[in-house]
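Visitor: I would like to learn how to read a model of this kind, feature by feature. Please start with the general idea each time and then turn to the case at hand.

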Amino acid sequence: MKTKYIIYTVLLMAFPIIWTGCSDFLEVQPQDQITSENFYQSEEDFKAATAPLYNKVWFEFNDKFYYGLGDGRSYNLYAPYSDYVYPFSDLTETGLTGPLVSAWQSFYNVIQQSNKVIIGIKGSNVDADIQKQYIAEARFMRGTAYWYMASLWGDVIISEDPGTLVNNPIVNTNPITDVYEFVMRDLEYAAKYLPEQAAQGGRVTKYSAFGMLSRIYLSYSGLSEDPNSGIRNQEYLDLAKKAAEMVMDKGPYELMDDYADLFMIENNNNSESMFALQWVPNGDYGVTNTQQAYFAAGSEITGDDAAWGYWTRASYDVLKEYESADARRKATWMGYGDFYPEISKANGGYTYEKSHEALNVKKGVVGSTKDNPKISKQNSALNTNMLRLAEVYLNYTEAVLGNTASTSDATALLYINKLRSRAGLEDKSSLTYEDIIHERRVELCMEGQYWYDLVRRSYYQQQEVVNYITSQDRGTIVPFTYDTAINTATEDETRTRSSRSIGNVDETIFLLPYPESEVVQNPLLKASPVSYEFTEEKITDLF
């Protein structure tokens, strides 16, 4: 989709998709007659204006790209017949790859919808402090979208006013360092002005912003002109640690006792959820979570024909990552003999017996409408996790490790061992980077995260990450059997290995190509970036 068309789409959607406020702020009917002239007159209007930032504008990202990129490209996920996964897992995507184009569009929809909300609120007569709270909410969303874009494409166009790009869509990108600075300023504003407690279930708080900042600071700490420096900036490691501490010491969030419970519809907006996309039960297309249709291994799970996930499977590489007693595996991947009481309840539960030789996706698979009336065809109604407390623990631990080879820091061990204890595993007494990245991979598996962990590492240990991806041997299909009782994958030597073609594994894999249609419309996307002029004063009193 062309740049100008994307922008016009955002301008047209800015008001018709608004949802009016209520106790559950997404489960209401759209108000199609709202216009800029009669809107932004009260706090209730602000709530309605920011509500679509939790679903509609993220839809194309969530539909396929969230996991196709985050888990497919990192090789947690193997789906040889799904063109929304294998171009990323095989490192063969182009500027014409459908989910890539859709994700670019989705991110700019988030950005420009957020810009419209910010501009509308600033033009209102509502109390200034109330304005700041909802501007902060929009800036949280805008900053998050730009973090994804910086991580995926590097240099991108920073925009604070969609009207400017409508008038002139032929503009240069801005450098990745400026994009990161823009992201940090947005989220720092959010951390300062968002409320401590969510006004409505599912909305972000100031601690959501601090949690996201712990991710951003951690990523930015390694970014430099030398991608193989091996060193991260201590100032930003310290900021990542401080941001995580704000969440852990002052925030209202707590780990849930049972890992599997995190992915149940009835636990949407649970005590661990810090930012999640909010999908409307039985809603219209565009405000629904379609992921179950792509993951479910058969129609006996969904109760309809939208169950296309038999060939969407765990890679052999990720299955080797699980320790024998790790309860997270069953909550993430279905293996032969695994029993799930929440699926097919009328039949006493569901036992997976599809294959001894493959594991299908469980996380995001919740059953049929008979199991839960909020489920409908191609809509699981399950929130999409964008930030959980567990990640903040991991961010803190990695920031403490910093530039050292290992750490026995008591607080870092406390938090990582909370995650391991919940998973049924023994405590660690010291931590290396390999320990932390292992925990990140299994804790957040199938939550669209692991590729961004690898990108973060590539900012300062690029060749190491290239070597790691090479060692995954993605071009070789290893036949294996899996013992669910001990979480162990074993190569089946009675069957022959096969091969497939993959792209080159080198430093170029860490940036995606720009969508071809965007380059045609705006050739300056491939020109040298130009510095962005920051005009607002930077917030410096968060800690």
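Visitor: Where is the pLDDT below 50, and what is the average for the protein chain?

Guide: This is a predicted model. Where pLDDT is low, the predicted coordinates should not be read in detail. Here the protein chain averages a pLDDT of 93, and 93% of the residues score at least 70. Residues 1-23 have a pLDDT below 50, and this stretch has 78 contacts in the model beyond near neighbours in sequence. Residues 27-35 also have a pLDDT below 50, with 21 contacts in the model beyond near neighbours in sequence.

Visitor: How do I read the packing of two helices, and at what angle do α18 and α19 cross?

Guide: Look at the distance between the axes and at the crossing angle. The axes of helix α18 (residues 450-458) and helix α19 (residues 462-471) come within 7 Å and cross at roughly 140°. That angle makes α18 oblique to α19, because angles over 145 degrees are the ones that count as roughly antiparallel.

Visitor: Which residues in α18 and α19 meet?

Guide: From α18 come Tyr450, Trp451, Leu454, Arg457 and Ser458; from α19 come Gln462, Glu464, Val465, Tyr468 and Ile469. By type, the residues of this contact divide into six nonpolar, two polar and two charged. As for the spacing along a helix, an α-helix has 3.6 residues a turn, so residues three or four places apart point the same way.

Visitor: Which residues touch the most other members of the largest nonpolar core?

Guide: A core can be read through its members and the elements that supply them. The largest nonpolar core has 156 residues, and Trp58, Phe107, Phe275 and Trp333 touch the most other members. Helix α6 (residues 128-153) gives the largest share of this core, 14 residues. Phe107 touches Trp58, Phe61, Phe65, Ala145, Tyr148, Met149, Leu152 and Trp153, leaving aside residues up to four places away in sequence. A second, separate core has five residues, among them Met256, Tyr259, Leu262 and Ala331.

Visitor: How many residues of helix α17 are buried, and how many of helix α2?

Guide: Count the buried residues, then see which they are. Helix α17 (residues 433-443) is mostly covered, with ten of its eleven residues buried. The buried residues of α17 include Asp435, Glu439, Arg440, Arg441 and Glu443. Helix α2 (residues 43-50) is mostly covered too, with six of its eight residues buried. Those buried in α2 are Asp45, Phe46, Lys47, Ala48, Ala49 and Thr50, and they pack against α5 (98-122) and α6.

Visitor: Is arginine 329 buried or exposed?

Guide: The relative accessible area settles such a case. Arginine 329 has a relative accessible area of 2% and is therefore buried, the cut-off being under 20%. Arginine 329 sits in helix α14 (residues 328-332). Apart from residues up to four places away in sequence, arginine 329 touches Tyr322, Met334, Gly335, Asp338, Leu359, Tyr482, Thr484 and Asn487. Arginine 329 and glutamate 443 are 114 residues apart along the chain, while their C-alpha atoms are separated by 9.2 Å.

Visitor: Which residues have a positive phi although they are not glycines?

Guide: Check the backbone angle together with the place in the chain. Methionine 446 has a positive phi of about 60° and lies in the loop between α17 and α18. At 4% relative accessibility, methionine 446 is buried. Asparagine 487 is another case, with a positive phi of about 50°. Asparagine 487 belongs to the loop between β12 (480-483) and β13 (488-491), and at 6% relative accessibility it is buried.

How values were computed. Residues numbered from 1 in each chain as written. Predicted model: local features only at pLDDT ≥ 70, side-chain atom pairs only at ≥ 80, totals over all residues. Heavy atoms only, no water. Axes fitted to C-alpha atoms, helices over the stretch in contact; angles between N-to-C directions. Helix = DSSP H or I, 4+ residues; strand = E, 2+ residues; numbered from the N terminus. Parallel < 35°, antiparallel > 145°, perpendicular 65-115°, else oblique. Contact = heavy atoms within 4.5 Å. Nonpolar A, V, L, I, M, F, W, Y, C, P; charged D, E, K, R; others polar. Core = buried A, V, L, I, M, F, W, Y, C linked by side-chain atoms within 4.5 Å. Buried < 20%, exposed > 50% of the residue type's maximum accessible area, 1.4 Å probe, protein only. pLDDT = per-residue confidence, 0-100.
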